[in-house]
Amino acid sequence: QGRFWIKEQQSWLALHSSLAAKMVQSPRNYTPVNGAPTLKSGTVPGFIKTTVEFGIFTGVAYFTEKGELSDFPAKEYKMFCLGLVGFFFVAYWLVMRQGTTKAALNPPEVINSQEKGIVDALRNIDRSVGNMLEQMPCFLLVTFPYALFVNPILAGYLVFAYVFFLILYPVLYDMGAPLLFISTFPRYFILFLGCSPQADSYGWAKESRDRK
């Protein structure tokens, strides 16, 4: 199961990049050569994709979030706090979905079954949790500084949007790419949009010091 998960992740990363070759296959397939599977690394395409998207949203932030970093009254954090509650609820729902399925509702012979329907359902459950946890550090790292110093009201709306697209992941997972990108790509863009103003923060801080 561990080897299968690694192969799944490698295939997904290769196809996830819009610059990777032959993106027409499922994120869980590979192309055999002379009877043996081959792996295409997504290191360079992933770097290019990240650079392009980060550059685009840094430009957007430069023109839409102009101003110095500042603090805000507590009442402006209401939407952001509610959004975090929503994220917490959905995150634990996905975790409890996994836990109750594997530990409470089904005996070991069902969990260990090789029947395709059961294997696919468990893969959906596991990857829904895995995807949420994989993105959580970046989500927290970006949203908190953005809300604290840039725009707490917009941060709240972005968090709600993020949660909405997170909920779509288990719904779309079995459909594979490109439909699964409806859940993943918007969440990446939301984090880029939240991170980019912080990349511009040196210029804002300098403007603030110059005015003083």
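# A walk through the helices

At 36% relative accessibility, isoleucine 48 counts as partly exposed. That class lies between buried, under 20% relative accessible area, and exposed, over 50%, with a 1.4 Å probe and protein chains only. The model is predicted: local features need pLDDT of at least 70, side-chain atom pairs count only at pLDDT 80 or more, and totals for chains, interfaces and linings use all residues. Residues are numbered from 1 along each chain as its sequence is written, and side-chain values use heavy atoms, without hydrogens and water.

Isoleucine 48 sits in helix α2, residues 43-64. Helices here are DSSP runs of H or I, at least four residues long, and strands are runs of E, at least two, numbered from the N terminus. Isoleucine 48 also belongs to a nonpolar surface patch, together with Val44, Phe47, Val52, Ile56 and Val60. The patch covers about 540 Å². Patch residues have over 30% relative accessible area and no salt bridge; nonpolar side chains (Val, Leu, Ile, Met, Phe, Trp, Tyr) are joined within 5 Å, like charges within 9 Å. Areas come from the Shrake-Rupley method with a 1.4 Å probe, and for residues only the protein chains shown count as cover.

Side chains of opposite charge can pair when their charged atoms come close. The rule for a salt bridge is a side-chain nitrogen of Lys or Arg within 4 Å of a carboxyl oxygen of Asp or Glu. The count comes to 5 salt bridges. One of them joins lysine 49 to glutamate 53, at 2.7 Å from N to O. These two are 4 residues apart in helix α2, so about one helical turn separates them. Lysine 49 is buried at 9% relative accessible area. Glutamate 53 is buried too, at 11%.

Another salt bridge links aspartate 126 and lysine 102, at 2.9 Å from N to O. Aspartate 126 lies in helix α5 and lysine 102 in helix α3, so the pair ties together parts 24 residues apart in sequence. Lysine 102 is partly exposed, with 31% relative accessible area.

Lysine 116 is exposed, at 61%. Shared partners join Lys116, Asp120 and Arg123 into one network of salt bridges.

Now to the empty space. Rolling a probe the size of a water molecule over the atoms shows where empty space is left. A cavity is a set of points, on a 1 Å grid over the protein atoms alone, where a 1.4 Å probe fits but cannot get out; lining residues have an atom within 4 Å of a point. Grid points are joined across faces, edges and corners, and the volume is the space filled by probe spheres set on the points. The structure holds 2 cavities of 30 Å³ or more.

Valine 159 belongs to helix α6 and is buried, at 1%. Its C-alpha is 6.9 Å from that of phenylalanine 80, 79 residues away in sequence. Methionine 79 lies in helix α3, residues 78-105, and is partly exposed at 28%. Methionine 79 and isoleucine 153 are 74 residues apart in sequence, yet 6.3 Å apart from C-alpha to C-alpha.

Key
1 Å grid on protein atoms, 1.4 Å probe; cavity = no way out; pocket = protein on both sides within 12 Å on 5 of 7 lines; lining within 4 Å.
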